[in-house]
Amino acid sequence: MSLLEIENITLRFGGLVAVDNVSLTVNEGEVFALVGPNGAGKSTIFNLISRFYDPAEGRIRFDGNDLLARTADQVPSFGIARTFQNIELFEQATVLQNLLVGRHRHRKTGMLSNIIFSPKAYSEELRHRAAVEEVIEFLNLQPYRDKYIGGLPYGVRKVVELGRALASEPKLLLLDEPASGLSVEETQDMAFWIEDIQTQMGVSVMMVEHDMGLVSAVSNRVMALSDGKELATGTAAEVQSHPAVIEAYLGTSEISKTGTSRT
Amino acid sequence: MRFVFKTSYDADIQLFKHRAQAVWYGLLLLLVLATPLYFAAIGDAYLLGEITGVLILAIAGMGLMLLTGHTGLPSLGHATFMALGCYLNINFLGAGVPWLIAFPLSGLIAGALGTMIALPVLRLHGVYLALATLAMSMLTSDFVVMAEPWTGGIAGAAVPDINIFGVEVNRYSTPYKFYYLVLFVAILLVWFYRNLLRTPTGRSFTAVRDSEISARAMGINLTRTKAMSFFLSATAAGLAGALFGHSAGYVTNETFDLVMSITLLLMIVIGGLGFIHGAFFGAIVVGIIPVAIANGRSFLATTFDVNINVPGLESALFAFILICFILFEPMGLYGRWLKIRTYFELFPFYRKDMFKRQKSYLKTDRVQ
Ligand SMILES: Nc1ncnc2c1ncn2[C@@H]1O[C@H](COP(=O)(O)OP(=O)(O)OP(=O)(O)O)[C@@H](O)[C@H]1O
Ligand SMILES: [Mg+2]
């Protein structure tokens with residue numbers, strides 16, 4: 001069953017067509033990868049799903065709901081969580097506090113009961129902590145639990161951002177370049193986590209990634225984009241050997257480096 | 001060095017991290033409760049009045065700290081909300097409303113009015129919001145004059161005494177009662193503040209402060225969150241304003257001027273942005289500077305026969321201290337204290353760069 005359905009979506013930045021009539025579906029329980037050279041429009045598609053941008057044309061439906069009728073802050077309530085290409089954490093807060101913000105969509109108490117710390121607010125808080133503690137365990141974040149983000153190494157920040165998204169218990173996880181800037185070992189951890197997220201937690205994943213090794217390892221289906229247009233969709237191997245994809249990458253680096261060495 | 005072992009999630013939610021901390025705050029509470037005894041013993045309550053004034057400033061400071069330090073919205077207009085609270089309180093009391101109702105109501109209405117004023121400017125960022133609130137603060141005096149029937153205009157208005165179930169509280173005739181009353185309000189607000197920070201509402205404030213884009217992606221409604229912070233902030237300022245009126249006894253259109261708004265902002269920066277402690281440290285500094293200058297003056301005059309009479313010396317000294325803080329201690333007094341404490345806790349393992357801000361990574365992908 002399809003969870004996310006994007007139909008003929010187009011977005012222009014002035015004269016530039018960043019996303020050009022793209023359609024795609026992400027099925028329940030699958031890992032769907034978006035690949036393509038820099039500036040292809042991958043992050044822009046994420047920002048469209050997050051409702052940071054209004055598309056000029058097209059429709060986005062999630063789990064039977066029309067997302068375009070919603071604002072950005074309503075999107076998570078349907079069960080969509082995301083990370084950012086350049087890490088957007090709450091810098092002046094600890095890892096724990098960052099993950100707790102991920103629980104925001106599950107809050108049931110309002111300002112007043114929070115201020116007086118009502119019994120309801122207290123028991124809710126205990127539940128949030130328990131959920132966050134599971135995520136900390138899953139991602140091995142215990143050593144950083146009470147550390148401020150400002151002082152953490154890049155690799156750990158990436159994991160914290162994944163954790164914050166997971167803490168919201170999403171149905172669909174949007175990961176924008178989860179492995180960029182990570183070492184080989186860290187990338188491997190990331191691959192294991194994505195697999196676990198898919199198989200054990202039953203969360204669908206849509207990810208943008210340049211590392212074709214990671215893409216082939218974890219994704220069920222891959223879509224290649226270039227200049228905002230779809231080039232090909234299929235398995236990782238199919239997409240990599242597609243003539244249009246090879247042509248789009250001709251002269252550019254990433255995919256040919258890691259990609260061809262695998263095929 | 002101390003390790004905090006987590007035995008349950010409860011440990012994080014509690015107000016105090018460990019027993020020693022609870023003991024320290026207990027001792028502090030005893031100290032502030034016993035302070036009037038000392039002044040009663042020496043039979044001079046003048047300084048107690050000054051301390052009460054510091055507490056009132058700290059209450060206003062907490063209000064501004066919530067908005068600026070925890071939600072990241074600067075305001076140069078908080079004296080306006082103090083004025084609202086003060087004049088509402090005066091008018092309620094004048095109409096015969098009991099203080100126990102008039103006081104909280106003044107705060108809440110000041111908060112509501114503040115939010116209504118703020119809503120149109122909440123879309124503005126950083127310096128523009130500061131300018132908008134600055135303009136509001138500049139107009140306050142004129143509004144007070146225009147609303148003469150309620151405010152007494154330029155001539156001013158006397159602030160009625162507090163009466164709680166027949167118990168009269170007045171700054172001059174019953175300074176101890178007034179001190180305890182203000183202390184109670186301050187402690188209550190600290191408790192509310194702490195509760196806020198350990199629950200979703202407070203976390204949504206800090207989330208908005210640190211990254212609006214992420215906050216939205218986590219389901220936080222920016223306008224509503226900012227409005228909520230503004231409401232709570234202006235409410236605290238309104239309460240402080242009402243208490244300030246009681247403390248001053250008489251208020252005019254010049255009481256809640258721009259200088260007070262600016263002082264409040266400087267106060268929380270000096271105290272340490274983003275910490276409740278910062279509001280108190282800042283209020284203490286602001287309270288001490290005039291006293292120190294007056295004492296220094298009379299000391300120079302009596303011992304060296306030097307008379308310094310420079311107009312604006314206080315403001316200049318204040319500005320100088322502020323510049324020093326921004327240059328050398330951006331985390332404020334509380335940040336300095338944290339460093340000293342960490343130094344002793346970790347001795348001899350303290351590293352100089354421990355509190356250095358990590359260079360932030362490029363944010364080229366930011367969505368506008
Ligand atoms: N806010 C914006 N305003 C104007 N142009 C933009 C904006 N965001 C992206 N673009 C442009 O839209 C195009 C697609 O950008 P996008 O960030 O989606 O690329 P991407 O596929 O994520 O690339 P990368 O792999 O480098 O992250 C680029 O040409 C980019 O310059
Ligand atoms: Mg991108």
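Patches are made of residues with over 30% relative accessible area and no salt bridge, and nonpolar side chains are joined within 5 Å. The model discussed here is predicted. In this model, a nonpolar surface patch of about 1100 Å² lies on chain B.

**Nonpolar surface patch**

- The patch is formed by F16(B), V23(B), W24(B), Y25(B), L27(B), L28(B), L29(B), L30(B), L31(B), L33(B), Y180(B) and I187(B).
- Two helices of chain B, α2 (19-42) and α8, each provide at least two of the patch residues.
- The greatest contribution comes from α2(B), which gives nine residues.
- V23(B), one of the patch residues, is located in helix α2 of chain B.
- V23(B) has a relative accessibility of 45% and therefore counts as partly exposed, since that class lies between the limits of 20% and 50%.

**Second largest pocket**

- The volume of the second largest pocket is about 590 Å³.
- Its lining comprises 25 residues, of which L188(B), L189(B), F192(B), T235(B) and L239(B) are the closest to the pocket centre.
- Elements of both chains give two or more residues to this lining: α3 (111-115) from chain A, and α3 (46-70), α5 (99-118), α8 (175-197) and α11 (222-248) from chain B.
- With eight residues, α8(B) supplies the largest share of the lining.
- By residue class, the lining of the second largest pocket consists of 23 nonpolar and two polar residues, with no charged residues.

- Helix α8 of chain B gives at least two residues to the nonpolar patch and eight residues to the lining of the second largest pocket.

Technical notes. Residues numbered from 1 in each chain as written. Chains lettered and ligands numbered in written order. Predicted model: local features only at pLDDT ≥ 70, side-chain atom pairs only at ≥ 80, totals over all residues. Heavy atoms only, no water. 1 Å grid on protein atoms, 1.4 Å probe; cavity = no way out; pocket = protein on both sides within 12 Å on 5 of 7 lines; lining within 4 Å. Points joined across faces, edges and corners; volume = space filled by probe spheres on them. Helix = DSSP H or I, 4+ residues; strand = E, 2+ residues; numbered from the N terminus. Nonpolar A, V, L, I, M, F, W, Y, C, P; charged D, E, K, R; others polar. Patch = residues over 30% accessible without salt bridge, like charges linked within 9 Å, V, L, I, M, F, W, Y side chains within 5 Å. Areas by Shrake-Rupley, 256 points an atom, 1.4 Å probe, with all protein chains shown as cover. Salt bridge = Lys/Arg side-chain N within 4 Å of Asp/Glu carboxyl O. Buried < 20%, exposed > 50% of the residue type's maximum accessible area, 1.4 Å probe, protein only.
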